[in-house]
Amino acid sequence: MVPLSWYLIVAAALFCIGLYGILARRNAIGILMAVELMLNAVNINLLAFWRYLTPAHMSGQVFALVVLAVAAAEAAVGLALIVAIYRTRDTVNVEEVDLMKL
Amino acid sequence: MAQAIFIILSLITLGCALVVVTNRNLFHSALYLAFVFVGVAGLYFMLQAEFFAGIQVLIYVGAILTLIIFAIMLSRDLMNPNVRGFNRQWWAAAIVAGLLFVVLAVVLWRAPWPAAPVGEPSADFIAELGQALVSPAYVLPFEVVSILLLAALVGSILIARER
């Protein structure tokens with residue numbers, strides 16, 4: 001049987017890779033992909049804790065489902081925003097989208 | 001045996017995730033993202049959450065990845081490898097992410113977790129999950145998520161609409 005800490009460390013690595021992508025990418029779509037990586041890491045954690053600590057309760061599963069739905073909503077709205085920004089400003093580079101900067 | 005499968009699966013997943021965040025060609029990144037999602041679905045299988053493995057492939061690979069590839073194709077210049085893909089602080093980002101991973105790994109490694117699962121999930125946990133979603137305990141998050149999905153649906157149509 002695989003120890004619980006292995007799952008948690010893999011999820012932590014996936015989360016940190018996503019963090020690097022968010023901080024280092026200049027492209028808004030690349031940043032969204034990194035956010036999806038981080039949400040996946042969260043779901044691995046939720047399901048690992050469910051399986052190892054509370055397999056009789058449904059809370060881990062329910063909240064994994066909630067995270068999944070939020071990820072889908074986030075992707076839809078985020079990509080719609082990116083398409084709208086691309087239409088008006090002709091770029092998806094987050095460093096050039098600085099309309100609200102003083 | 002299970003440990004060997006776990007190690008291979010996580011190495012593939014993490015390697016593809018690294019390619020996703022470091023590749024200069026966003027289209028290739030999106031394709032590697034599909035491998036990451038399938039690898040995570042494999043991890044769900046190993047956790048005996050088969051329902052979530054199916055959902056993962058259906059929603060992430062089927063819906064979210066399709067959306068991402070659509071957005072990539074709708075915006076020009078993304079596939080141009082001459083455009084710089086990373087900002088000036090990418091090395092600082094790498095240091096921060098690496099440090100966070102080291103801290104998390106040390107903490108997780110030293111924490112006293114139970115060596116084996118404390119029980120088995122019941123055989124028909126999908127039916128139990130369905131009942132739990134409409135039980136008084138979880139009906140509020142369930143309804144909030146449905147409203148969020150509706151708002152996201154309307155909002156994304158409104159934002160992306162051609163004026």
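**A guided reading of chains A and B**

Chain B has a radius of gyration of 20 Å, whereas a compact globule of 163 residues would have one near 15 Å. This value, like the others that follow, is computed from a predicted model. Taken along the principal axes, the C-alpha atoms of chain B fill a box of roughly 55 × 45 × 25 Å.

The secondary structure of chain B can be described briefly. Chain B contains six helices and zero strands, and its pattern along the sequence reads α-α-α-α-α-α. Of its 163 residues, 34% count as buried. The accessible surface of chain B comes to about 9800 Å², and carbon and sulfur atoms account for 74% of that area. Contacts within the chain may also be sorted by separation in sequence. Among those between residues at least 6 apart, 57% join residues that are at least 24 apart.

Ser29(B) has its place in helix H2, which spans residues 26–46 of chain B. Is Ser29(B) buried or exposed? Its relative accessible area is 0%, and because buried means under 20%, Ser29(B) is classed as buried. When neighbours within four places in sequence are left aside, Ser29(B) is in contact with Val19(B), Val20(B) and Asn23(B), and also with Arg25(A) and Met33(A). Further along, Gln48(B) occupies the loop between H2 and helix H3 (50–74) of chain B. Gln48(B) has a positive phi of about 60°, although it is not a glycine. With a relative accessible area of 29%, Gln48(B) is partly exposed.

The two chains can next be considered together. In general, a pair of packed helices is described by the angle between their axes and by the distance between those axes. H3(A) and helix H5 (residues 125–133) of chain B pack at an angle of about 70°, and their axes are 10 Å apart. Angles of 65 to 115 degrees count as roughly perpendicular, and H3(A) and H5(B) are therefore described as roughly perpendicular to each other. Which residues meet in this pair of helices? From H3(A) come Gln61(A), Val62(A) and Leu65(A), which meet Phe125(B), Leu129(B), Ala132(B) and Leu133(B) in H5(B). The residues of this contact divide into six nonpolar, one polar and no charged.

Helix H3 of chain A may now be followed along its sequence. Gly60(A) is found in this helix, which comprises residues 59–89. The relative accessible area of Gly60(A) is 11%, so this residue is buried. Not counting residues up to four places away in sequence, Gly60(A) touches Leu46(A) and Trp50(A). Between Gly60(A) and Thr91(A) there are 31 residues of separation in sequence and 40 Å in space, C-alpha to C-alpha.

Arg89(A) is also found in helix H3 of chain A. At 33% relative accessibility, Arg89(A) counts as partly exposed. Neighbours within four places in sequence aside, Arg89(A) is in contact with Glu96(A), Val97(A), Asp98(A) and Leu99(A). Arg89(A) and Leu4(A) are 85 residues apart in sequence, and their C-alpha atoms are 47 Å apart in space. Asp90(A) lies in the segment after H3 of chain A. Asp90(A) has a positive phi of about 65°, although it is not a glycine.

Note on methods:
Residues are numbered from 1 along each chain as its sequence is written. Chains are lettered from A and ligands numbered from 1 in the order in which they are written. This is a predicted model: local features need pLDDT of at least 70, side-chain atom pairs count only at pLDDT 80 or more; totals for chains, interfaces and linings use all residues. Side-chain values use heavy atoms; hydrogens and water are left out. Helices (H or I, at least four residues) and strands (E, at least two) are DSSP runs, numbered from the N terminus. Buried means under 20% relative accessible area, exposed over 50%, partly exposed in between (1.4 Å probe, protein chains only). Contact means heavy atoms within 4.5 Å. Axes are lines fitted to C-alpha atoms, for helices over the stretch in contact, and angles run from 0 to 180 degrees between N-to-C directions. Angles under 35 degrees count as roughly parallel, over 145 as roughly antiparallel, 65 to 115 as roughly perpendicular and the rest as oblique. Ala, Val, Leu, Ile, Met, Phe, Trp, Tyr, Cys and Pro count as nonpolar, Asp, Glu, Lys and Arg as charged, and the others, Gly among them, as polar. The radius of gyration is taken over C-alpha atoms; the globule rule is 2.2 Å times the number of residues to the power 0.38. Accessible areas come from the Shrake-Rupley method with a 1.4 Å probe; for residues, only the protein chains shown count as cover.
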